[in-house]
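Trainee: I have just opened this structure for the first time. Could we walk through it together?

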Amino acid sequence: MAPVRPIAVSTCVLLALSGTAGAQSVPTPAAAERFVEVTPHVSFGNGDTSGIGAAVGLRITPRLTVELDTEARLSNIEQLGRSHANLLIDLPSGARWKPYLLFGAGLESYRGFHQVP
């Protein structure tokens, strides 16, 4: 069993510091509209569906972004398993959410049971 005194002290310190916590400030429009955005991602699944990749977005206007998204499969890291080109259009946002429209086209490749040389 853990000693009671360190737990009580830790709880008091956390309660005392909780009042100093606050939300992040709203960024200025110039900071919110970065020119280039890079988003790394990892996907997990069975066999040939796990991969690692990144999306690179280029902001054309304050509401329009062109994005290239690629992913390499972990089973064969030398070949790209997926690549997409997307067009993102930001819609008017609410207080805590930001809706958008996405139009895109891409290429997915999977190994199946039957393979053609």
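Trainee: What share of the residues score at least 70?

Mentor: Start with the protein chain's average pLDDT, which is 76. Where pLDDT is low, the predicted coordinates should not be read in detail. As for residues that score at least 70, the share is 58%.

Trainee: Is N86 buried or exposed?

Mentor: N86 sits in strand β4 (residues 76-90). Beyond its neighbours within four places in sequence, N86 has contacts that include T65, V66, L102 and F103. Its relative accessibility is 11%, and because buried means under 20%, N86 counts as buried.

Trainee: What is the relative accessibility of G81?

Mentor: G81 also has its place in strand β4. Setting aside residues up to four places away in sequence, G81 touches E71, A72, R73, L107, E108 and S109. G81 counts as buried, with a relative accessibility of 3%.

Trainee: How far apart in space are G81 and G51, C-alpha to C-alpha?

Mentor: Along the sequence, 30 residues separate G81 and G51. In space, the C-alpha to C-alpha distance between G81 and G51 is 7.9 Å.

Trainee: Which strands each supply at least two residues of the lining of the second largest pocket?

Mentor: This pocket has a volume of about 190 Å³. Its lining includes E37, G57, T65, L88 and Y100. The strands that each supply at least two lining residues are β1 (36-43), β2, β3 (64-73), β4 and β5 (100-108).

Trainee: How many residues in the lining of the second largest pocket are charged?

Mentor: Among the residues lining this pocket are E67, D90 and K98. The lining divides into 3 nonpolar and 3 polar residues, alongside the charged ones. The number of charged residues is 5.

Conventions: Residues are numbered from 1 along each chain as its sequence is written. This is a predicted model: local features need pLDDT of at least 70, side-chain atom pairs count only at pLDDT 80 or more; totals for chains, interfaces and linings use all residues. Side-chain values use heavy atoms; hydrogens and water are left out. pLDDT is the predictor's confidence in each residue, from 0 to 100. Helices (H or I, at least four residues) and strands (E, at least two) are DSSP runs, numbered from the N terminus. Buried means under 20% relative accessible area, exposed over 50%, partly exposed in between (1.4 Å probe, protein chains only). Contact means heavy atoms within 4.5 Å. On a 1 Å grid over the protein atoms alone, a cavity is a set of points where a 1.4 Å probe fits but cannot get out, and a pocket is an open set with protein on both sides within 12 Å along at least five of seven lines; lining residues have an atom within 4 Å of a point. Grid points are joined across faces, edges and corners, and a volume is the space filled by probe spheres set on the points. Ala, Val, Leu, Ile, Met, Phe, Trp, Tyr, Cys and Pro count as nonpolar, Asp, Glu, Lys and Arg as charged, and the others, Gly among them, as polar.
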